Amino acid sequence: MGKLRALWMRLRSMFGGKPAEAEISRELETHLEIHVEDNLRAGMTPEEARRQALIRLGGMEQTQQKWRERRTLPWLETLGRDMSFALRQLRKSPGYTITAVLTLALGVGANSAVFTVINDAMLRSLPVQRPDQLVTIGYRSPDVSRFLAVQFWPVMKVLQQRLRGVSGLAGWSGSMVTVPDEQDTLRSVGADLVTGNALSMLGVRPVLGRLLTTSDDVPGGPTGGWPVVLDYGFWLSNFHGDPAVVGRHMHISGQLAVVVGVLPPDFHGLYVGETQKMYLPLHFLSALAASSQQDPFLHPENLAVLAVARLDPGITLSALNAGLAAMSPSLRSLEPQRVQHEPEFRTAHLAAESARRGFSEIAEDYARPLLLIQSIALAVLLLCCVNLAGLQMARVQARRQEFAVRSALGAGRGRILRQCLVESLLLALLGAICAAGLAWASVRAISGFFTPAGSAAPIQLQPDATVLLITGVFALLTALLFGMAPAWLAGKVSPAAVLKNRGTNGRHHQLRQRIFVPAQFAIALALVFSSGLFMHTLVRLRNNIEGFNPNHVMEVCAQFQALKKSPDEIMQLFHSMTDALRSSPGVQAASFTWVTPLTGFAPRLEASSFAHAQQVHSITWNDVGDGYFATLRTRILAGRDFTRADHDRSTCILNQAAAGLLFSGAQSLGNSIKAQMPQQDSGIGAFTTVCRIVGVVENARYSSLRDPAPPTVYFPASASTVGRGSYNNNLVFFIRSQNARDAISAYRAALARFAPNTGYMTFLPLTEQVDQSIGSERLIARLSGLFAAVALLLSGIGLFGVLAMRVQQRQTEIGVRLAVGASRARILVLILRDAISMLAVGTLGGVVLIAITSTFVRRFLYDTSPVQIGIVLSTLLILTAVALLAAMLPARRAAAMDPMQALRSE
Amino acid sequence: MSDKTDVWQGTLALMVLKTLETMGPQHGYGIARRIEQTSGNAFLLNYGTLYPALLKLEQEGAITAEWGVSENNRKAKYYRLTRAGRKQVERATREWKQATAIVARFLEPTPEP
């Protein structure tokens with residue numbers, strides 16, 4: 001207790017010092033006077049009395065000093081002095097300060113940004129209670145590497161009763177619903193449809209109202225309307241954060257609903273990066289169904305949900321898995337018939353996996369590219385550290401005199417060390433602040449690359465306090481790394497030698513020349529070369545758009561499943577809309593399709609020609625409207641496009657690959673094929689058809705730009721396409737127009753005329769969808785290019801610094817050379833030779849680096865062997881150019897030296 | 001090295017407090033003289049070390065100081081015990097006596113069975 005009080009008193013005493021000084025002097029004077037009196041009484045002479053008193057006291061100045069040290073916190077005072085000194089020094093050399101801070105900001109900022117993305121997308125736990133207890137119960141099969149996070153409703157019901165070891169088993173499904181926005185226009189938004197216990201088992205606390213309960217999840221909904229819980233962001237945007245929102249009614253897809261609660265701002269559902277706007281009871285699926293046929297609760301074998309539960313305390317995941325595997329055989333019969341024959345499910349058994357981090361598409365698809373980017377960012381950070389160490393060393397050299405004087409005046413080595421360290425830390429602090437700002441801004445930019453193709457909603461990654469924490473840690477480590485060594489060297493300076501101007505700095509300087517600068521160039525070389533390869537890959541992929549022209553095409557998804565119309569009526573609607581679009585001003589062509597290119601969705605069926613009926617091939621297929629190929633500018637090689645007359649699957653069009661596959665070179669036009677589609681889970685009904693080929697079109701890239709166009713058969717879109725009415729059967733309009741605005745207004749007009757009560761999603765230019773499908777390649781190409789540029793800049797600066805110092809040092813030598821008759825050009829060459837030699841060593845190192853990392857890098861390339869002469873040459877060219885540029889100024893200064901000046905400066 | 005100084009400072013602090021308890025309010029010189037006498041001139045070679053110790057005790061709240069007038073009409077700074085200081089002395093004395101008792105038992109020759 002006393003200690004704390006003492007500390008507080010000492011802290012307080014640091015501010016306001018003069019009266020106390022007077023007190024101690026006074027007190028000590030009095031002490032001496034009294035002592036002298038005693039001594040006089042004892043019989044000493046006045047001088048002797050005074051002398052003895054002083055001796056016994058032990059020295060006025062020492063006592064006062066000890067007292068002063070006790071009064072305040074000396075180390076804190078020293079720190080404060082060091083800091084203000086460091087600040088002054090930094091201000092006096094702005095070039096050094098700005099270079100160091102910027103270097104630090106770049107290196108640390110880049111790493112913080114990338115790591116935040118990784119943390120947010122892949123590592124962070126869900127913001128719920130005890131996320132480590134969450135598991136999802138799905139299927140695992142030895143044939144399929146991926147865990148299938150899906151559960152069938154009949155199985156789920158049994159699990160709810162019989163499964164031990166978990167509690168709160170809940171099911172999650174989702175759908176698009178329509179809600180009116182502020183202007184009463186219907187908008188399609190995403191909603192999660194969940195069992196009654198789903199939100200409460202997660203342990204989230206609503207900020208307003210309550211969560212859903214099991215009594216909400218009943219057929220038809222409770223009286224008073226369907227209870228709905230709102231997402232926080234949705235509450236802010238659609239309801240303006242109205243605190244009285246609980247109890248308000250709203251219409252969701254035409255159904256009466258009542259708001260019962262609002263979720264906290266950090267909860268975004270189970271899917272990382274996607275925010276559903278609202279949460280409704282699972283039975284709402286029945287309300288969304290267009291007919292009783294599609295009602296999943298009347299046909300539970302069609303209902304599949306995401307099953308989430310909480311592990312009981314003491315139960316491990318492996319124990320649960322064992323229990324599930326044991327239960328699996330007896331539950332097989334409950335799985336839907338069609339599923340049991342699917343290749344993925346044939347050998348599958350029930351299994352559980354941790355759901356701690358939620359479900360993230362980013363984690364699955366982008367894990368490797370993100371790690372690549374992180375490695376590059378770390379390489380850049382290393383470069384920054386090397387640069388900073390070099391800068392610091394040069395600075396220490398420049399301040400040799402100062403350190404020598406201070407040392408001679410009595411400063412201990414530790415003192416000088418501490419002062420240097422404080423300066424490094426101050427730089428680190430300034431750099432960290434800039435880095436944090438940079439990281440904050442970059443995280444948003446980076447997350448833009450992760451939008452999955454065909455989705456209009458960008459993945460939201462939130463930069464948060466984690467960014468700052470990570471930045472701080474990085475900055476601290478960097479500061480210690482580059483601050484320690486030079487600081488230690490600074491303390492080693494021998495004052496006498498330096499003051500006599502004979503101190504050698506050759507050793508440190510050679511370190512910079514032999515190792516630092518070449519190392520920087522090595523890293524820069526590797527980065528420039530790799531980014532060249534990545535950019536090359538991107539260009540090749542972009543040019544891979546085979547078989548269609550995405551420019552000037554607008555894509556918009558129709559939401560007609562909410563209209564309770566028969567399939568024929570919906571088909572008629574599509575036709576009317578297409579006609580209206582085609583006659584709108586500015587629209588060159590319009591059509592609609594079921595599968596959009598490059599989203600990765602590629603349904604398959606089994607087809608065979610009658611000539612070779614035993615050879616059954618699995619090919620992809622699509623349902624398209626009339627005029628589809630004209631709209632996308634896919635060339636028709638033979639026959640014709642679909643017309644309105646084609647209204648069912650009795651006619652079809654093959655692409656070139658399919659024609660070749662099924663008819664092996666013979667004429668396909670006019671012949672027929674047999675196509676069989678087995679029942680599948682994703683809402684696609686089974687069919688078997690014999691269709692006559694009326695056209696052959698060129699191959700078009702289908703599910704991705706990397707894979708070659710697969711053999712495909714196209715059917716005319718018909719009532720059976722929209723038959724099941726679920727979201728999966730929505731067709732997408734393609735509108736070709738010179739101007740995007742024309743397409744948008746044409747669609748809006750047509751929609752208002754023919755289907756005024758449907759919501760519409762956002763418009764997506766097809767070029768953007770193409771870009772989204774190569775999101776990771778774009779990310780890698782852009783970021784690696786950026787980092788390569790930074791690396792080049794830093795290497796150039798490093799080279800410049802070293803050469804400038806070198807010229808300074810060799811002043812005498814150059815002066816002598818000039819005086820003896822060397823031409824200026826020779827001096828130039830002399831300096832440039834230094835630069836080239838460092839570059840050469842660096843290039844060697846860079847080649848080694850590339851060789852080491854080539855297997856890793858190769859995985860990200862497309863159709864590119866790593867040895868591309870063009871890229872190799874341009875890399876070397878760029879590096880040489882940068883080196884020469886950096887060397888120019890010092891070289892010219894050397895050549896322009898006045899020999900008399902140079903010799904005199906000795 | 002620091003252990004020795006800590007112990008030294010602790011002992012000095014205790015002696016100062018004890019002195020003030022016995023003598024009542026006293027100025028720095030008086031405390032120093034008294035400690036010297038009590039310890040038989042074997043302690044406190046350096047009067048100067050007293051003043052930082054006094055400051056420390058003052059900061060910890062065991063003693064307070066105020067300016068007063070000495071015997072010879074000099075202005076001197078007088079220190080006296082606070083209540084907390086008094087308690088500290090009592091506790092320290094008790095602990096010290098216990099410690100010495102235990103050590104004494106160790107050092108006494110134990111009778112052979």
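Modeller: In this predicted model, strand β2(B) and strand β3 (residues 75–81) of chain B run antiparallel and are joined by 7 bridges. One of the pairs across them is Val69(B) with Lys75(B), the latter lying in β3(B). These two strands belong to an open sheet of 3 strands, ordered β1-β3-β2 in chain B, with antiparallel pairing; its edges are β1 (26–27) and β2 (63–69), each of which pairs on one side only.

Turning to chain A, strand β19 (residues 672–677) pairs with strand β15 (residues 604–609) in the antiparallel sense over 4 bridges, and there Ala675(A) of β19(A) stands opposite Ala607(A). Strand β19(A) is also joined to strand β20 (residues 687–697) of chain A, again antiparallel, by 6 bridges, where Lys674(A) has Val690(A) in β20(A) as its bridge partner.

As for the nonpolar cores, the largest holds 90 residues, and the members that touch the most others are Leu370(A), Phe534(A), Tyr714(A) and Leu799(A). Helix α24 (residues 775–809) of chain A gives the largest share of this core, 14 residues. A second core, separate and made up of 51 residues, includes Val158(A), Trp235(A), Met278(A) and Phe284(A).

Note on methods. Residues are numbered from 1 along each chain as its sequence is written. Chains are lettered from A and ligands numbered from 1 in the order in which they are written. This is a predicted model: local features need pLDDT of at least 70, side-chain atom pairs count only at pLDDT 80 or more; totals for chains, interfaces and linings use all residues. Side-chain values use heavy atoms; hydrogens and water are left out. Two strands pair if DSSP finds at least two bridges between them. A nonpolar core is a set of buried Ala, Val, Leu, Ile, Met, Phe, Trp, Tyr and Cys residues joined through side-chain atoms within 4.5 Å. Buried means under 20% relative accessible area, exposed over 50%, partly exposed in between (1.4 Å probe, protein chains only).
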